[in-house]
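I opened this model to look up a few local details. My notes follow the order in which I checked them.

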Amino acid sequence: MCTLTPGNLFLLPCSAACLALLFAAAGVEGRAAASPATNRPMKSPPPASLDSEDFRRARDALVDREVIPAGVKDPAVLAAMRRVPRHVFVPEPLRREAYADHPLPIGHGQTISQPSLVALMTEMLGLSPRSRVLEIGTGSGYQAAVLAEVAGDVYSVEIVRPLAETAAAALLRAGYERVRLRIGDGWQGWPEAAPFDAIIVTCAPEEVPAPLIAQLREGGRLCIPVGPAGATQELRLLVKRADGTLERKASHPVRFVPMKRAAP
Ligand code: SAH
């Protein structure tokens with residue numbers, strides 16, 4: 001079990017140099033005290049050495065055969081799905097399965113989500129290149145990379161330290177160095193970076209966390225699976241009204257891993 005420090009920030013000193021380097025490079029909070037105005041995601045394709053014509057073709061086939069038929073229409077989201085090298089975010093032995101439309105294990109009992117669901121949830125957020133978006137549940141870092149293609153500033157919180165470390169390295173390798181990562185309990189959101197135009201939660205709490213509602217701007221969108229662990233949950237799209245309450249726009253049955261809670 002990793003020990004979370006108050007504020008859940010650097011979690012040094014063990015392997016401090018290495019972690020600090022990874023995290024700083026991936027924009028993990030700390031160095032990332034860099035001004036938000038400069039926090040533009042990289043739009044350039046991943047280094048050629050990481051990608052291949054076969055992988056590119058497989059991504060195109062995935063988008064044409066699974067993502068578009070699933071109902072995704074937003075051109076920016078479809079372009080992101082064609083561009084982000086999902087194989088960089090899955091464990092090495094599973095790389096050849098990276099462009100099949102299903103979740104894959106990433107260790108620690110967690111999974112990288114199914115690509116068509118990543119695309120649908122990203123579309124639900126209604127992002128633009130100026131949006132500030134918060135993800136809860138970094139996992140592999142793949143969803144964060146897709147967000148970075150479509151939005152402006154991307155923040156992501158992961159509670160399992162080794163997953164956050166691997167995600168930071170993958171984001172860096174794939175060129176998404178400006179995504180900001182934090183290790184901690186995403187129930188609390190990322191108050192210092194609020195308000196957000198959109199929040200996406202990729203693990204399922206039993207109820208909508210109040211801090212996330214508070215950190216959403218008026219008119220902002222929250223995409224979140226809600227429901228008991230081990231059962232089908234409801235993926236909700238919620239929009240924050242002027243009076244601070246949430247309007248429910250849509251809901252679909254889904255199955256996500258449960259949201260864990262940090263020990264108080
Ligand atoms: N978005 C991920 C998939 C995430 S799977 C991807 O693209 O790969 C759900 C993730 O949520 C897991 O990594 C899990 O460790 C994380 N998680 C669970 N509870 C959490 C919490 N309270 N705060 C932050 N992350 C949490």
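How far is a nitrogen atom of the ligand from a polar backbone atom of I159? I read 3.3 Å for that pair. I count a polar contact as a pair of N or O atoms within 3.5 Å; within protein, one must be able to donate a hydrogen and the other to accept it, and residues adjacent in sequence count only if both atoms are side-chain atoms.

The model is predicted: local features need pLDDT of at least 70, side-chain atom pairs need pLDDT 80 or more, and totals for chains, interfaces and linings use all residues. Residues are numbered from 1 along each chain as its sequence is written, and side-chain values use heavy atoms, without hydrogens or water.

I stayed with the ligand. A polar side-chain atom of E135 sits 2.9 Å from a ligand nitrogen. For D185, a side-chain N or O atom is 2.9 Å from a nitrogen atom of the ligand. I found 26 residues around the ligand (a heavy atom within 4 Å). Of these, S140, E158, D185, G186 and K260 come nearest.

Next I checked two loops. H108 lies between β1 (104–107) and β2 (110–112); strands here are DSSP runs of E, at least two residues, and helices are runs of H or I, at least four, numbered from the N terminus. Phi of H108 is positive, near 60°. P195 is in the loop between β5 (180–183) and β6 (196–201). The peptide bond from A194 to P195 is cis, with omega near 5°. Most residues other than glycine have a negative phi, and most peptide bonds are trans.

Last, I looked at which residues of α2 meet α3. R59, D60, V63, D64 and V67 in α2 meet L78, M81, R82 and R83 in α3 (heavy atoms within 4.5 Å).
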